[in-house]
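Let's walk through this structure together with a few questions and answers. Have a look at the model first.

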Amino acid sequence: MGGRAESEVAEAWEALVATARRTVADGLVVGTSGNVSVRVGDTVLVTPSGVPYDRLAPADATGVDLDGRQVLGTLVPTSELPMHLAVYRATDARAVVHTHAVHATAVSLLVPELPPVHYMTAALGGPVRVARYAAYGTDELARTMLDALTGRTGCLLQNHGTITYGASLDQAYDRTAQLEWMCRLWLTASAVPGRSPSLLTEEQLAEVAERLRGYGQRA
């Protein structure tokens with residue numbers, strides 16, 4: 001690995017660790033639950049299994065190829081590696097964030113799809129589906145997740161948590177945070193006795209999706 005490539009990997013690992021620590025600080029995971037990955041070329045850097053994020057150092061960089069073979073580091077990769085690799089193989093993702101966010105996980109116990117209570121639903125590709133339950137770390141979970149992700153950039157995992165992806169760690173994390181917020185919003189509104197939350201229509205979501213294409217600063 002050349003100097004430039006090593007520098008790119010080092011920077012990506014630093015960003016990955018910062019994102020993993022942020023999931024804990026923001027209450028999206030507890031302890032070492034959840035995991036984060038980022039793709040650099042054909043190498044996928046991933047959080048290692050069972051290591052507290054505040055203990056991760058530059059020398060702990062852990063990476064695999066797209067077939068799951070370890071090509072960097074000595075720490076065992078996250079047990080959720082099959083799920084991360086499935087996303088990279090099936091999409092143009094450059095980063096993946098998986099959490100056990102409380103409100104999102106609660107929603108996964110109640111409905112097959114998060115109702116469209118807010119226009120940020122469009123930022124995830126449409127109403128967020130719930131992938132049916134499968135044991136963590138299994139190929140079956142990876143398959144059910146991909147089904148739920150069809151046409152979406154995030155989904156809920158039944159009795160488990162969330163997974164989102166994006167073109168960068170920041171984007172993937174932002175989608176996770178937005179998803180957790182929308183789940184909290186729906187649960188809060190649904191808890192009012194005798195009232196049902198108003199939902200956005202397909203036409204309203206389509207309008208937002210079009211507007212989001214031009215959102216942000218121009219280069």
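Q: In which sense do strands E1 and E2 pair, parallel or antiparallel?
A: Keep in mind that this is a predicted model. Strand E1 covers residues 35-40, and Leu-45 in E2 is the bridge partner of Val-38. Four bridges join E1 and E2, and the sense of the pairing is antiparallel.

Q: Which residue in the turn of the E1 and E2 hairpin has a positive phi?
A: The hairpin formed by E1 and E2 has two residues between the strands.

Q: Which residue of E3 stands opposite Thr-43?
A: E2 also pairs with strand E3 (residues 63-65), in the antiparallel sense over three bridges. Opposite Thr-43 in this pairing stands Asp-65.

Q: Are the residues of strand E2 buried or exposed?
A: In a regular strand, side chains alternate between the two faces of the sheet. In E2 (residues 43-46), Thr-43 and Leu-45 point one way, while Val-44 and Val-46 point the other way. Whichever way they point, all of these residues are buried.

Q: How is helix H2 oriented to helix H4, oblique or roughly parallel?
A: The axes of H2 (residues 81-90) and H4 (residues 139-149) come within 8 Å and cross at roughly 40°. Angles under 35 degrees would count as roughly parallel, so H2 is oblique to H4.

Q: How many residues of the contact of H2 with H4 are charged?
A: H2 contributes residues including Met-83 and Val-87, and H4 contributes residues including Asp-139 and Leu-146. The contact holds 10 nonpolar residues and no polar ones, and the number of charged residues is one.

Terms used:
Residues are numbered from 1 along each chain as its sequence is written. This is a predicted model: local features need pLDDT of at least 70, side-chain atom pairs count only at pLDDT 80 or more; totals for chains, interfaces and linings use all residues. Side-chain values use heavy atoms; hydrogens and water are left out. Axes are lines fitted to C-alpha atoms, for helices over the stretch in contact, and angles run from 0 to 180 degrees between N-to-C directions. Angles under 35 degrees count as roughly parallel, over 145 as roughly antiparallel, 65 to 115 as roughly perpendicular and the rest as oblique. Contact means heavy atoms within 4.5 Å. Ala, Val, Leu, Ile, Met, Phe, Trp, Tyr, Cys and Pro count as nonpolar, Asp, Glu, Lys and Arg as charged, and the others, Gly among them, as polar. Buried means under 20% relative accessible area, exposed over 50%, partly exposed in between (1.4 Å probe, protein chains only). Two strands pair if DSSP finds at least two bridges between them.
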